[in-house]
Amino acid sequence: MTPVAIGLILFSALLHAGWNLIGKRTAQSVRFYAWAMGFGMLLYSPLLMRVWSQVSVLPIELWWLLLASGLCQTLYMVGLAKAYSHGNLNIVYPLARALPVLLVPVLILLVYGQSELLLRDVFGMGLIILGSLALPLTYWRDWHWRNYRTPAIGWVLLAAGSTAGYSVLDSAAILIMKQQGMSAFDAGSSYVVLQAISCLLWMLPLVRWVFGESLRKLPDFGWTLLAGCFIIGTYLLVLVSMSMVSEVSYVVALRQVSIPLGVLIGVFWLRESMSLPRLQGLSVMLLGLLLVSL
């Protein structure tokens, strides 16, 4: 990976941990994420308007990928909101971030029939997954498979699977946009706004008719606006970095540097507990991240 791609991903990880803190501390509702996504879309919409002449002539395949990606992004937000309502940030956040590291390479193999990952990368990703398994534990002697049969873990699995889905879809979409002559920044900045629109098309009916949440009641305006800015800004950096790597699995893996940030925020800001297994698990995950980023 190039230094520029690594720098973009690291900064996006910081923003990602920030908006997850806001989501956990301010509200654990799907409505909150719908409003945040709407604000973020409006804030960044000039980036789409700037290159609309190029976007409007993109092939139909791009729009189908965008629609599917919006559904995955919606399910991710739903899973995250519900997981935070059942579990702590220092458990939910690392698991939701780590599991796609395993799922994305599997999807790449299924879709493309090949992978450019090295043995070192696979080993590093394996360490990230092993480390994540220790996060729900308070004591090693308490380990049991039932520790992972909780509502929070179920919602985390939905969020992780959805993350893997939109990561692969978005990588394919960005490739199409670049093939049509768009630069990395133009493709990423316009696509992230389009994805927010697609996400809202799926999310708004879910909020109203599935979860029964009223959209008229606006969550805390300042925090919701800041979360929207961070959500869209985070993924803008990720999409641009996707265009600089040979396989999206690298981006997904390195993004997990936000995991220790999220855990530290949970411990020092939200006063959540940090057990020895969780600390050891984080150490293993950091080693895996180092191997993947080399």
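Helices are taken here as DSSP runs of H or I with at least four residues, numbered from the N terminus. The model described in this report is predicted, and its chain comes to 12 helices and 0 strands, so that, under this definition, the pattern read along the sequence is α-α-α-α-α-α-α-α-α-α-α-α. Of the 294 residues in the chain, buried residues make up 55%.

The structure holds 1 cavity of 30 Å³ or more, and the volume of the largest cavity is about 120 Å³. Its lining is formed by 16 residues, of which Trp19, Gln73, Met77, Ile231 and Tyr235 are the closest to the centre. Four helices, H1, H4, H8 and H9, each supply at least two residues of this lining, and their residue ranges are set out in the table below.

| Helix supplying at least two lining residues | Residue range |
|---|---|
| H1 | residues 3-26 |
| H4 | residues 60-86 |
| H8 | residues 184-210 |
| H9 | residues 221-242 |

Sorted by class, the lining of the largest cavity consists of 11 nonpolar, 4 polar and 1 charged residues.

**The nonpolar surface patch**

On the surface, Ile60, Trp64, Leu67, Leu71, Ile197, Leu201 and Trp202 form a nonpolar patch, and together these residues have about 680 Å² of accessible area. The elements that give two or more residues to this patch are H4 and H8, with H4 providing the largest share, 4 residues.

Leu201, one of the patch residues, has its place in helix H8. With a relative accessible area of 60%, Leu201 is classed as exposed because this value lies over the 50% cut-off for that class.

Turning to another residue, is Pro277 buried or exposed? The relative accessibility of Pro277 is 1%, and Pro277 therefore counts as buried, the limit for that class being under 20%. Pro277 lies in helix H12, which spans residues 276-293. The C-alpha atom of Pro277 is separated by 9.9 Å from that of Trp143, although the two residues stand 134 residues apart along the chain.

How values were computed
Residues are numbered from 1 along each chain as its sequence is written. This is a predicted model: local features need pLDDT of at least 70, side-chain atom pairs count only at pLDDT 80 or more; totals for chains, interfaces and linings use all residues. Side-chain values use heavy atoms; hydrogens and water are left out. On a 1 Å grid over the protein atoms alone, a cavity is a set of points where a 1.4 Å probe fits but cannot get out, and a pocket is an open set with protein on both sides within 12 Å along at least five of seven lines; lining residues have an atom within 4 Å of a point. Grid points are joined across faces, edges and corners, and a volume is the space filled by probe spheres set on the points. Ala, Val, Leu, Ile, Met, Phe, Trp, Tyr, Cys and Pro count as nonpolar, Asp, Glu, Lys and Arg as charged, and the others, Gly among them, as polar. Patches are made of residues with over 30% relative accessible area and no salt bridge: like charges are joined within 9 Å, nonpolar side chains (Val, Leu, Ile, Met, Phe, Trp, Tyr) within 5 Å. Accessible areas come from the Shrake-Rupley method with a 1.4 Å probe; for residues, only the protein chains shown count as cover. A salt bridge is a side-chain nitrogen of Lys or Arg within 4 Å of a carboxyl oxygen of Asp or Glu. Buried means under 20% relative accessible area, exposed over 50%, partly exposed in between (1.4 Å probe, protein chains only).
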